[in-house]
Protein chains: 4
Amino acid sequence: MPNERVGFVGLGIMGEPMAGNLLKAGFSLTVWNRTPSKADALVAEGAALASNPAAVAAASDIVISCVSDSPDVEAVALGTDGILEGARAGTIYIDCSTISPAVARTIAERFRAKGVGMLDAPISGGDIGAKAGTLAIMVGGDVADFERCTPVLEAMGKTIVHVGPSGSGQVVKLCNQIAGGLNLMAMAEAITLCRSAGVDAARMLEVVSSGAAGSWMLTNLGPRAVNRDYAPGFMVDLMQKDLRLVLEAAEELQTPLPGSALVQQVFRVLQARGRGGDGTQAIVDALSLLGPGNQS
Amino acid sequence: MPNERVGFVGLGIMGEPMAGNLLKAGFSLTVWNRTPSKADALVAEGAALASNPAAVAAASDIVISCVSDSPDVEAVALGTDGILEGARAGTIYIDCSTISPAVARTIAERFRAKGVGMLDAPISGGDIGAKAGTLAIMVGGDVADFERCTPVLEAMGKTIVHVGPSGSGQVVKLCNQIAGGLNLMAMAEAITLCRSAGVDAARMLEVVSSGAAGSWMLTNLGPRAVNRDYAPGFMVDLMQKDLRLVLEAAEELQTPLPGSALVQQVFRVLQARGRGGDGTQAIVDALSLLGPGNQS
Amino acid sequence: MPNERVGFVGLGIMGEPMAGNLLKAGFSLTVWNRTPSKADALVAEGAALASNPAAVAAASDIVISCVSDSPDVEAVALGTDGILEGARAGTIYIDCSTISPAVARTIAERFRAKGVGMLDAPISGGDIGAKAGTLAIMVGGDVADFERCTPVLEAMGKTIVHVGPSGSGQVVKLCNQIAGGLNLMAMAEAITLCRSAGVDAARMLEVVSSGAAGSWMLTNLGPRAVNRDYAPGFMVDLMQKDLRLVLEAAEELQTPLPGSALVQQVFRVLQARGRGGDGTQAIVDALSLLGPGNQS
Amino acid sequence: MPNERVGFVGLGIMGEPMAGNLLKAGFSLTVWNRTPSKADALVAEGAALASNPAAVAAASDIVISCVSDSPDVEAVALGTDGILEGARAGTIYIDCSTISPAVARTIAERFRAKGVGMLDAPISGGDIGAKAGTLAIMVGGDVADFERCTPVLEAMGKTIVHVGPSGSGQVVKLCNQIAGGLNLMAMAEAITLCRSAGVDAARMLEVVSSGAAGSWMLTNLGPRAVNRDYAPGFMVDLMQKDLRLVLEAAEELQTPLPGSALVQQVFRVLQARGRGGDGTQAIVDALSLLGPGNQS
């Protein structure tokens, strides 16, 4: 059984199965969630339930959080009864949320001042990857902290890469969302041209996916888009949140990203129609909406 | 030895190795090229050299052309001493060039009026695929013609898909170029954000390529782009020609493709700097040029 | 009465009133139109009707054409029975159509070889300006030819500017369309934000039009757009044709114009919905279509 | 002499001359600025200097603020020693800063709860308009409050329009910036095409400005851009701040604004090169940078 006692804050669609994998790997686990009932299954499997994030930290050597956005991380990490309050020098804090690289660096500095290491470790792979323990985890922070936490990270993911100092993990995650967003745009425009030309889009996907224009999105979400199956996967609203982080980081870094800016506007068409809960493959509808004769 | 006598018009960087693979597969082959010396190696391996495309057609059951753009195909197919002049009822004409779907349909009608079937069969896979016989071939035209030509196509390619009636092969090829172009834009913006943020782009590629934002471009051209290796591969000038065909087809079909329109403008930045002969991975420079401190 | 005998080819919505103003100014006028009945009113006012463009040229010292697009000008200028056939050394040919600058230069060279000067002289101001004789005319070609033709041009327009050698008039006209298109986009996005925010767009126009963000489009077409009055004015289909010329010229000059490329895609949304005959102020609907709750 | 005692918080490049015009109009004036020395000239002309915004409010019937961005307004209005602390029921608070419409509404509610009316009253016209008293002022809030404040507003501006309830003034100001930004893009692309084509851009401006594609920007900033005179006027950094507010408001309202999103990316090219202090006409360089042979 691993020696490190692990804490987990945030038992949502991603966090709950990640925490479950830690239990399965034999880690002693303390958890907290805003809605405590979400912890029931984990407690039944042996996790301890703490009354707040500070208590999780006090009971753990390594504390993980997995929440929604920068303000949520600031609240559970730095707020009243937050992780920083409960953490001791020598503890390590791992945040698996996708947030602003700048906020990640600021939080890391606050923890470092108390002798607590922090890794920003955003994840990719969806709820399926979270359950299967096959997430990609892109990690920023000190190498020594990364190495110490590797067994914990390996219990939750498969591709685990240290990419640089604090904030780097978030930058790489944003790069992931840039690429994902534009690959989805590629899929959408290809399907749209097919439909306008009266060519079978499924056949097109078959041949294009196998060659130099292929992508994970084309192979995996293309067929769903063609079949008008919009079940998520990854929701439009979450992609928009991540693209907002991308464009805020680009603003801070004075870096023009015209493609990402365009993709954000296209996804907004879906939100404007109340479809923020659809999977990202619904982007094909945002384009089809504009074209002739195939308004959805 | 296959029964069909095959003709090949256009022995360029793609056509010459494709014709060579037909010889290797045992087909009787007649060839023509504007610069006849390009045929020397094929003639040495047993091909006959004809004096013009009409003569190629007269000597063949199936005639293939592989040239550059719509006007080139119109010239070798419909012009004086062109393929249509030499072809008999029962001949099949296969055009492997990437051209306008509308032009492909028009040419097919002209051949059909003389009892000659035509397949539009654009290819993907580059000179490497042409040599290795591993091209993807997306074929539009009559199913019976496609089936009759399958042995010939299989001598040149690996993924061979009939995608619909005349013109459909070109539409699917344009979809391929849409997807390729936007996947390259994805690669470029991800690398650019990394560089601006001071994060190692090679590490980013490693983790992003393996997940849901991965693509052939990211895996295969990403490392070259990061290493500023701009050798083609597929040249910027050719990508621009194909994006022009994409946008002309979209205009004809009244289909908005804002992403492809943006990508065309971005590649133009390279052409404006005399870099049309670079490989398409150079797109990363078009973006870096705009950003802070990392002007190439 | 002016000495120069003038010919006019192309009596459409613009050409007919322009020719009428030449008559009013006292010029001896010979005309031709594909549909001859369009010339009836002019003939009744004293114009001679010729049987083809060559005959117009043979009867004139200065020949004007005003047709739709590059191929139309090539046909009436260079085709069988075209202006070039009938023109003598010393004649001047003025083309008032909006066409490609490159085609304008090529035609000018063909005429120059026969000793005939050519001015490219595209016009701006709409049918209202054509009737009122208040067109803006942007003229490319030799200064001496321009000066000789000034009385003729002044009979048709008000702002008459020589902008450079052959083709320059067309370049300036394309600049005019770039600016017009983007100013319309400005109008559309401003109105759209107002509507989404529940703010009275007419009030917004009132204050914005009067300041540094004001434009002719905002002042003149803004109120029509707000009132959903889509009568042309200048039709979406014609704006698209001109934006196509803009982007083709930009391609030839290897000049990225990302804003114009975007505007072309936005106008296409209207064409896809069968609204190519609406006035350009309908662009506001292309955007509103994308937004929440105010779909038209 | 007017009866209302007026307070002014924020004596920057805009606020100082606006306050001066209130003095000239005969209003009794109390002022505050973070750097008190900025108030010296006004005090010499008769203004009273207060020690904080609360003290300004306590001494005034109508309090005006003119600072930079949403957080600045929140600080002087709602912070410690802020305007809300010093204001009494019956006071009116006018904010002339350009900020988020949502923040403006929130602040208005806070003041309303204390019986203080609030007008959001952003201004347009630059420092020249502030000095000359010719600003455009777009006002959101209660009509009765607007009418009571009209004499004060008329002392500072010329075009003064009530556009709707709280927040509407800010929405209209954002529309103004959308239109201004896209009109500048229009100017930049027109000049760029001229330069690439070797046509005199000054001549182009002359003819285009006078017609249907004309705008204030083209007439007033076009010649400066052509002459590479980049002195502000209105700085790129401020335009970017306002475009950020535009896109945040559009996000909140789920309204796609692809043109404004593009313009923001183009202005960023200038910021990335350290030119955020240039006037907005420098946008022409962001485009020229991309084109052939005319890199600045």
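Copies are superposed by least squares on the C-alpha atoms of residues with pLDDT of at least 70 in both. This is a predicted model, in which local features need pLDDT of at least 70 and side-chain atom pairs count only at pLDDT 80 or more, while totals for chains, interfaces and linings use all residues. Residues are numbered from 1 along each chain as its sequence is written, and chains are lettered from A and ligands numbered from 1 in the order in which they are written.

1. Relation of chains C and D. Chain C is superposed on chain D by a rotation of 180° with 0.0 Å of shift along its axis, at an RMSD of 0.0 Å. The two copies are thus related as by a two-fold rotation axis. The residue of chain C that comes closest to this axis is C:Ser215, whose C-alpha lies at 1.9 Å.

2. Contact between chains C and D. Two residues are in contact if their C-beta atoms, placed from the backbone, lie within 7 Å. On this criterion 59 residues of chain C are in contact with 60 residues of chain D. The largest share of the chain C side, 21 residues, comes from H9(C). Elements giving two or more residues to that side include strand E8 (135–140), strand E9 (157–164) and helix H10 (201–209) of chain C; helices (H or I, at least four residues) and strands (E, at least two) are DSSP runs, numbered from the N terminus.

3. Composition of that contact. The chain C side divides into 36 nonpolar, 19 polar and 4 charged residues. Here Ala, Val, Leu, Ile, Met, Phe, Trp, Tyr, Cys and Pro count as nonpolar, Asp, Glu, Lys and Arg as charged, and the others, Gly among them, as polar.

4. Contact between chains D and A. This contact takes 12 residues from chain D and 12 residues from chain A. The chain D side has 7 nonpolar, 4 polar and 1 charged residues.

5. Helix H13 of chain C. H13(C) covers residues 236–252, 17 residues in all, and reaches 24 Å from its first C-alpha to its last, close to the 24 Å expected at 1.5 Å a residue; the expected span is 1.5 Å times one less than the number of residues. Among its buried residues are C:Met239, C:Leu243, C:Val246 and C:Ala250. A residue is buried if 20 or more other C-beta atoms, placed from the backbone, lie within 10 Å of its own. The cover over the buried residues of H13(C) includes helix H9 (168–197) of chain D, as well as helices H6 (101–112), H9 (168–197) and H14 (258–272) of chain C. After H13(C) comes C:Gln254, with a positive phi near 50°.

6. Strand E4 of chain B. B:Ile62 and B:Ile64 point one way from E4(B), B:Val63 and B:Ser65 the other way, and all are buried. E4(B) pairs in the parallel sense with E1(B) over 4 bridges, and with E5(B) in the parallel sense over 4 bridges; strands pair if DSSP finds at least two bridges between them. B:Ile62 is the bridge partner of B:Val6, and B:Tyr93 that of B:Val63.

7. Chain A as a whole. Chain A has 15 helices and 9 strands. Its radius of gyration is 20 Å, close to the 19 Å that the globule rule gives for 296 residues, so chain A is as compact as a globular protein of that length. The radius is taken over C-alpha atoms, and the rule is 2.2 Å times the number of residues to the power 0.38. Of the 296 residues, 64% count as buried.

Methods
A residue is buried if 20 or more other C-beta atoms lie within 10 Å of its own, exposed if 12 or fewer, and partly exposed in between; C-beta atoms are placed from the backbone.
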